[in-house]
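Here are my notes on the model. Please read them with the structure open.

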Amino acid sequence: MASNLKVIFLFLWLLQCGGGNVDVQQTPPIQVALLKEGISIPCTVIFPYMPQYTEFSIFYYWINSLGQKTSIYSRSENVDIPSGKENKSAIIPYNHRIMPLEHTSSTGTYYCEVKWNNIQKMGKGVFVLARGTGYVETSYGWEILVTLTTLLAALSITATGLLLWKRKVLCPRRNQLNILRQKVETQPPSASPPPPSPVYDCLDLQQVDVYSTLENNTNNPSPKKSLPRKTPKKQATLEESSDTLYENI
């Protein structure tokens, strides 16, 4: 009885160890597919070459963005054990191709699940992005060239406008100065205005007027009222005052 229990425990332990070597892998994790083109759902099954693991079933399904699960395909496999490969690990791909994608709602995660008699393994899934059009390479060469040409043209127009404005504002002033300079250079010496008379000439004229007035008063006395004759002392004083006035002037 004890020996039978040992055999049963040993068999269960072997099953557990064998089950630990079973796995399902899905790579790459992301794919991009165009409409009207097919996609391949990767599914790599890893198992030991033992009779209890050579028979299994594979199920393919996908889950859309709403979380709805849709079954795609299923298949059963019975793998023969090659000679000399007993108890060794086997790595066999079982990819499934879907043809074609009808619309962009096919975007979602596609899974591969493998079932043995008492073991069930599921892959991590592959996210497939369905696109209506492919990647269009944009060329920025022409855009850069047009932008540079436009900037250069704008700068050229601005510089030309500034030059014209400067010529319009500054050239008339220069022309006026040149005309005045030419007139001064070409004017004859006789046409120059006479120099102003010295100040002393004006003072001499005023002095003559003063003496003439004094002489007229002395030579033409008033008939109605005779002025008293000036004494020599007063005349000398008057002459000294006139000399003093002349020196001051």
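Which order do the three strands of the open sheet have, and with what pairing?

1. The order is β1-β4-β7, with antiparallel pairing. Strands here are DSSP E runs of at least two residues, numbered from the N terminus; two of them pair if DSSP finds at least two bridges between them. β1 (23–25) and β7 (89–93) stand at the edges with a single partner strand each, so one side of each has no neighbour in the sheet. From one strand to the next, the twist averages 20°, taken between N-to-C directions of lines fitted to C-alpha atoms, on a scale from 0 to 180 degrees.

2. A word on the source. This is a predicted model: local features need pLDDT of at least 70, side-chain atom pairs count only at pLDDT 80 or more, and totals for chains, interfaces and linings use all residues. Residues are numbered from 1 along each chain as its sequence is written, and side-chain values use heavy atoms, with hydrogens and water left out.

3. β4 (residues 44–48) pairs with β7 over five antiparallel bridges. V45 has I92 in β7 as its bridge partner.

4. The largest nonpolar core has 28 residues; V45, F47, F56, I58, Y110, V114 and W116 touch the most other members. Such a core is a set of buried Ala, Val, Leu, Ile, Met, Phe, Trp, Tyr and Cys residues joined through side-chain atoms within 4.5 Å. Buried means under 20% relative accessible area (1.4 Å probe, protein chains only). Strand β5 (55–64) gives the largest share, four residues.

5. F47, Y49, F56, Y94 and W116 form one aromatic cluster. Rings of Phe, Tyr and Trp (its six-membered ring) pair if their centres lie within 6.5 Å; planes under 30 degrees apart are stacked, over 60 edge-to-face, the rest tilted. The F47 and Y49 ring centres are 5.9 Å apart with planes at 75°, so this pair is edge-to-face. Both F47 and Y49 are buried. F56 and W116 are tilted, at 5.6 Å and 50°. That pair links distant parts of the chain: F56 is in β5, W116 in the loop between β9 and β10 (120–122), 60 residues apart.

6. Is S106 buried or exposed? S106 is buried, at 11% relative accessible area. Its place is the loop between β8 (96–98) and β9 (108–115). Beyond four places in sequence, S106 is in contact (heavy atoms within 4.5 Å) with W62, L101, V128 and A130.

Conventions:
Buried < 20%, exposed > 50% of the residue type's maximum accessible area, 1.4 Å probe, protein only.
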